[in-house]
Amino acid sequence: MSTDAHDVPGAVPLGGPRFQTDPALLYRQMRREHGAVTPVVLDGDVPAWLVLGYRELHQVTGDPVLFSRDSDLWNQWENIPDDWPLLPMIGRRQPSILYTVGERHRERAAMISDALEAVDPHLLRGHAERFADELVDRLCAKGEADLVGDYAMLLPVRVLARLYGFPDEQGPALVTALNDMIDGRERALAGQTHLGTSMARLLADRKAAPADDVASRMLADESGFTEEEVAQDLMVMMAAGHQPTADWIGNSLRLMLTDDRFAASLFGGRNSVAEAMNEVLWEDTPTQNVAGRWAARDTQLGGRRIRAGDLVLLGLQGANSDPQVRTDGSALTGGNNAHFSFGHGEHRCPFPAQEVAEVIARTGIEVVLDRLPDIDLAVPAGSLTRRPSPWLRGLTELPVRFTPTTALGGTSA
């Protein structure tokens with residue numbers, strides 16, 4: 001018997017400590033009680049569907065007509081207050097690539113891909129190494145550090161800001177704004193405002209004086225996108241490129257510091273870095289759930305009746321661990337990249353953006369292991385805690401200790 005999200009008993013609140021402590025267990029319970037498509041409620045008791053099945057998620061992301069990115073289709077807008085904390089994530093009439101559909105979306109995706117593909121890979125790695133070394137210089141003489149707050153949370157946005165065209169000194173404020181916006185709490189709208197103001201200022205500067213950077217290349221694109229559209233896309237690229245990459249670094253370092261399979265890699269085994277990073281994308285992916293898609297008409301999905309305008313959330317981690325496709329339950333550390341961590345279909349993360357994220361994350365991990373070779377956890381592994389967000393999974397801190405070393409020098413980070 002099919003049911004809709006508005007009359008399903010036991011709909012699961014999408015939030016709370018269970019996402020912080022053991023989301024894998026929570027996803028198993030949700031799948032057992034509700035199946036591959038689970039009714040959930042967002043802040044303010046707003047109903048939605050969370051897709052946990054691998055095949056069902058493949059169906060949703062592979063059909064952008066039936067499951068649209070056009071948020072105007074949502075049948076709940078009349079119930080959404082102006083100060084709803086998830087508005088930065090589930091916005092209405094936002095002129096960004098996230099909510100563009102059809103041919104215009106394909107043109108927009110091409111503009112972004114072309115701008116990122118033009119980034120010199122050697123220059124990218126050089127920026128990542130320089131910023132990583134500068135951050136390690138700040139902490140290497142102390143013998144202890146928090147690799148999340150002191151390192152991972154500072155590195156990606158510094159590199160991305162340089163690639164996009166921002167002055168280096170604007171990096172710290174951008175970090176704060178992005179984290180506030182992504183966590184979807186009371187500071188979310190203020191963070192979005194700061195990021196938007198910063199992007200508008202950057203584009204004004206680059207329009208007057210173009211340079212060899214991503215912002216200038218996007219402004220020079222001849223597809224006819226407005227400055228506001230370019231600014232919105234840069235905001236999306238910054239948010240999507242920073243926090244998940246920071247969590248990819250943190251989650252991978254946690255795995256390598258707590259799992260005996262990776263112990264040897266702490267002393268120079270670089271292949272194990274790639275294996276740990278890939279395992280994280282399967283088992284502990286930074287982007288756990290994504291909002292979303294909206295049903296263009298009444299339909300069926302995973303035995304559920306989906307009404308026109310219903311919000312469908314993409315359960316990336318739930319799908320990655322779907323027992324229907326992970327029959328043996330073993331960890332995946334090899335070259336299997338069939339996970340959903342970068343999405344799927346027309347609205348997936350552009351391949352050049354994936355490459356940028358991977359270079360930043362891998363460089364960040366390798367620099368730490370090279371510079372602090374005897375690094376070890378400073379607290380019991382079981383005491384490490386995660387942020388409570390159901391959307392992004394990352395550590396609140398990663399305390400480590402190591403033999404103090406001398407800074408390499410160079411300009412201040």
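Mentor: Start with a polar contact: a polar atom of the Ser 68 side chain lies 2.9 Å from the backbone nitrogen of Asp 70. Keep in mind that this is a predicted model.

Trainee: Where is Ser 68 found, then?
Mentor: Ser 68 is in strand β4, residues 67-68.

Trainee: Is Ser 68 buried or exposed?
Mentor: Ser 68 counts as buried, because its relative accessibility is 6% and the cut-off for buried is under 20%.

Trainee: And what does Ser 68 touch, not counting residues up to four places away in sequence?
Mentor: Leu 73, Val 101, Gly 292, Arg 293 and Trp 294.

Trainee: Which sheet is β4 part of, and in what order do the strands come?
Mentor: An open sheet of six strands, ordered β1-β2-β3-β9-β6-β4, with mixed pairing. β1 (12-13) and β4 are the edge strands; each has a single partner strand, so one side of each has no neighbour in the sheet.

Trainee: Which helix packs on the sheet?
Mentor: Helix α2, residues 23-34, packs on the sheet and touches β1, β2, β3 and β6 (289-295). The direction of α2 makes about 115° with that of β2. Then there is helix α3, residues 54-61, lying across β2, β3, β4, β6 and β9 (311-315). Helix α3 runs at about 125° to β9.

Trainee: Let's stay with β2. How many bridges join β2 to β3?
Mentor: Six, between β2 (residues 37-42) and β3 (residues 46-51), and the two strands run antiparallel. Thr 38 has Leu 50 as its bridge partner in β3, and Leu 42 stands opposite Val 46.

Trainee: What about the hairpin of β2 and β3?
Mentor: Three residues lie between the strands, and Gly 44 takes a positive phi near 80°.

Trainee: In which sense do β1 and β2 pair?
Mentor: Parallel, over two bridges. Pro 13 has Val 41 as its bridge partner in β2.

Trainee: How many of the residues of β2 are buried?
Mentor: Six of its six residues, so the strand is mostly covered, going by the under 20% cut-off. Side chains in a regular strand alternate between the two faces of the sheet. In β2, Val 37, Pro 39 and Val 41 point one way, while Thr 38, Val 40 and Leu 42 point the other way, and all are buried.

Trainee: Changing topic: helices. What should I know about α5?
Mentor: Helix α5, residues 121-139, has 19 residues and reaches 27 Å from its first C-alpha to its last, close to the 27 Å expected at 1.5 Å a residue. Asp 120 caps the N-terminal end of α5, with a side-chain oxygen 2.8 Å from the backbone nitrogen of His 122.

Trainee: Which residues of α5 are buried, and what do they pack against?
Mentor: The buried residues of α5 include Leu 124, His 127, Ala 128, Phe 131, Glu 134 and Asp 137. The buried residues pack against β5 (144-146), α6 (148-152), α7 (155-164) and α14 (351-371).

Trainee: How many residues of α14 are buried?
Mentor: 15 of its 21 residues, so α14 is largely enclosed by the rest of the structure. The helix reaches 30 Å from its first C-alpha to its last, close to the 30 Å expected at 1.5 Å a residue.

Trainee: You mentioned β5. In what order do the strands of its sheet come?
Mentor: β5-β11-β10, an open sheet of three strands with antiparallel pairing. β5 and β10 (376-377) are the edge strands, each pairing on one side only. β5 pairs with β11 (residues 399-401) over three bridges, and the bridge partner of Glu 144 in β11 is Arg 401.

Trainee: Last one. Which residues touch the most other members in the largest nonpolar core?
Mentor: Tyr 164, Val 214, Leu 234, Met 238 and Leu 398, out of 81 residues in that core. Helix α11 (residues 227-258) gives the largest share of this core, 15 residues. Apart from this core lies another, of 24 residues, among them Val 40, Leu 52, Trp 84 and Trp 294.

Terms used: Residues numbered from 1 in each chain as written. Predicted model: local features only at pLDDT ≥ 70, side-chain atom pairs only at ≥ 80, totals over all residues. Heavy atoms only, no water. Helix = DSSP H or I, 4+ residues; strand = E, 2+ residues; numbered from the N terminus. Buried < 20%, exposed > 50% of the residue type's maximum accessible area, 1.4 Å probe, protein only. Polar contact = N/O pair within 3.5 Å; in protein donor to acceptor, adjacent residues only side chain to side chain. Contact = heavy atoms within 4.5 Å. Expected span 1.5 Å × (residues − 1). Core = buried A, V, L, I, M, F, W, Y, C linked by side-chain atoms within 4.5 Å. Pairing = 2+ DSSP bridges. Axes fitted to C-alpha atoms, helices over the stretch in contact; angles between N-to-C directions.
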